[in-house]
Amino acid sequence: MASRILGFARDILIAALVGAGPVAEAFFVAFRLPNLFRRFFAEGAFNTAFIPLFAKRLEGEGPEAAGRFAGEAGSALLAALLVLTALAQLAMPAFVWALASGLEPGTFDLAVLFSRICFPYILFISLAALCSGVLNAFGRFAAAAAAPVLLNVILIGAMTLGWSVGWMEGADAGLVLSWAAFAGGIAQLALVGLAMRRLGMGVRLSAPRLTPGVRRLLTLGLPAALSAGVVQINLLVGTQVASYFAGAVVWLWMADRVYQLPLGVIGIAIGVVLLPELARRLRAGDAEGGHAALNRATEFSLALTLPATVALLAMPGLVAAVLFERGAFTAADAAATGQAIAIYALGLPAFVLQKVLQPAFYAREEMRAPLRYALWSMAANVLIAAGGAPFIGWQAAPIATTVAGWLMLALLWQGARRLDPGIAIDARLAERAPRIAGASLLMGVGVWLGAEAAAGLAPVPRAAALAGIVALGAAAYAGAALLSGALRPADLRAAVTRSQP
């Protein structure tokens, strides 16, 4: 939550100081490149394969053997990333063209320059992902979750300093942001590395070797890498489409940050906790406990995601205006961002529930089925985004992302049921899900009425109105959910209480 809130502050500053012009577009393209490969190599492919294998070593052979495996895996990962980074520096214009070929020539050149500075971020953040995987396997989640806070603090600090000395003008603003992102990667690695050492788990890197553990990691990781790559291709397609419409790259980035708040706080966090939990239960032969964990994770996800979805659909324009409409970011930019927020909000439940179902595959070391589903999702995304853009414009990109998200969720559910027929909606979830939806819709009516009343206000009263609407909406939802039995205080306490593995 702290990371996402600071991320909002970061993007509010970028919008105010840089706007939605060429420098902002170039930086967001540049910053997306290492993040794309980070999710492909580190979070997407590496950790989904690494965590179950590390957890098995830890449970079966002890911390020393697990630490050796982590060192072998980290050495192989670092070697691959060093090669990738060197190739990227040499061929950066081709990398940027593949991501955003529609940029104007001057903007394209800036994106290449900024990308060369930002790209080494992948080295640090991928090693940080290794450390985070080790921490997660031990049931330690705080340091890994807090690491992105440092990136946002450094970016905010760099912009504040740059503004005070006059560096946030023209291309200099992009250079400030790019070097700050580079420094943020180093800081994140330092934080999780220190946390891992305090845990007593030193990981020693060495010359990469194809040990049996690394071979098994590659066997599981390559399908996961391809699956993660397909998801990133969906993002690439959206950026490509947006690059042909002036300002759309920035509008989609800002909208993405809004819906990523509930997705990051709820979906990704639950997935991170659920994967090692399921792996441990399966190793212990506790299938019933695994099924219960999936249902409770789904219930908790819906209880937080559905009200967020309804709220974003009820007041997307107000949210965009209060967060971003200031300085160089115009009212027209905010209105376009609001449209994207509403479209992404329609897919938010699907994006979150994907994070609940995917661990059911990865904990069983089943990587191929999610890859097949991701390929179908990618095909739908490309067809809708590229085919729809000539007719409806840049809005085709977020529409495609949302439709592809729901398709992916449907395929994951069907596949999970085939993988384990015991995976099913239990009686408690079947009873509470409609009540959660009802409480969310009731709250949504009040939020929509409040947003309509606040639409014509000046910026400061409008921001105060949004804060009041959010507070009253949260209170209304909590009251309706508790009265209807959708939520119970004891369940909430159990959901947020930390338990040792």
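# Helix packing in a predicted model

In helix α17, the buried residues are R462, A465, L466, I469, G473, Y477, A480 and A481. The model discussed here is a predicted one. An α-helix has 3.6 residues a turn, so residues three or four places apart point the same way. After α17 comes G485, with a positive phi near 85°.

S301 counts as buried because its relative accessibility is 0%, and buried means under 20%. Apart from neighbours within four places in sequence, the contacts of S301 are I266, I270, V352, L353 and V356.

Helix α13 takes in residues 331-362, and it packs with helix α15 (residues 396-419) at an angle of about 30°, the two axes being 8 Å apart. The pair is therefore roughly parallel, as angles under 35 degrees count as such. The crossing of α13 and α15 is left-handed. Sorted by class, the residues in this contact are 19 nonpolar, seven polar and no charged.

Helix α14 (residues 368-392) holds R372. With a relative accessible area of 46%, R372 is partly exposed, because that class lies between the 20% limit for buried and the 50% limit for exposed. R372 and L411 are 39 residues apart in sequence, and their C-alpha atoms are 9.1 Å apart in space.

α6 has 17 residues, and the distance from its first C-alpha to its last is 24 Å, close to the 24 Å expected at 1.5 Å a residue. Of these 17 residues, 16 are buried, so α6 is mostly covered. Just after the helix, G139 has a positive phi of about 75°.

One partner of α6 (residues 121-137) is α3 (residues 63-90): the axes of the two helices come within 10 Å and cross at roughly 160°. That angle makes α3 roughly antiparallel to α6, since the cut-off for this class is over 145 degrees. The crossing of α3 past α6 is right-handed. On the α3 side, the contact is made by A70, G74, L77, L78, L81, L82, L84 and T85; on the α6 side, by I122, L123, S126, L127, L130 and V134. By class, there are 11 nonpolar residues in this contact, three polar and no charged.

The other partner to consider is helix α8 (residues 171-199), whose axis comes within 8 Å of that of α6, with a crossing at roughly 25°. α6 and α8 are therefore roughly parallel to each other, and α6 passes α8 in a left-handed crossing. From α6, the residues in contact are Y121, F124, I125, L127, A128, C131, S132, V134 and L135, and from α8 they are A181, F182, G184, G185, I186, Q188, L189, V192, G193, A195, M196 and L199. This contact of α6 with α8 divides into 16 nonpolar, five polar and no charged residues. L127 and V134 of α6 are listed in the contact with α3 and also in the contact with α8.

As for the length of α8, its 29 residues should span 42 Å at 1.5 Å a residue, and its end C-alpha atoms are 43 Å apart, which agrees. α8 is followed by G200, whose phi is positive, near 90°.

V18 is buried because its relative accessible area is 15%, below the limit of 20%. Leaving aside neighbours within four places in sequence, V18 touches L13, V23, A24, M168, A173 and A328. A separation of 48 Å lies between the C-alpha atoms of V18 and A292, which are 274 residues apart along the chain.

How values were computed:
Residues numbered from 1 in each chain as written. Predicted model: local features only at pLDDT ≥ 70, side-chain atom pairs only at ≥ 80, totals over all residues. Heavy atoms only, no water. Buried < 20%, exposed > 50% of the residue type's maximum accessible area, 1.4 Å probe, protein only. Contact = heavy atoms within 4.5 Å. Axes fitted to C-alpha atoms, helices over the stretch in contact; angles between N-to-C directions. Helix = DSSP H or I, 4+ residues; strand = E, 2+ residues; numbered from the N terminus. Parallel < 35°, antiparallel > 145°, perpendicular 65-115°, else oblique. Left-handed = near helix turned anticlockwise from the far one by under 90°. Nonpolar A, V, L, I, M, F, W, Y, C, P; charged D, E, K, R; others polar. Expected span 1.5 Å × (residues − 1).
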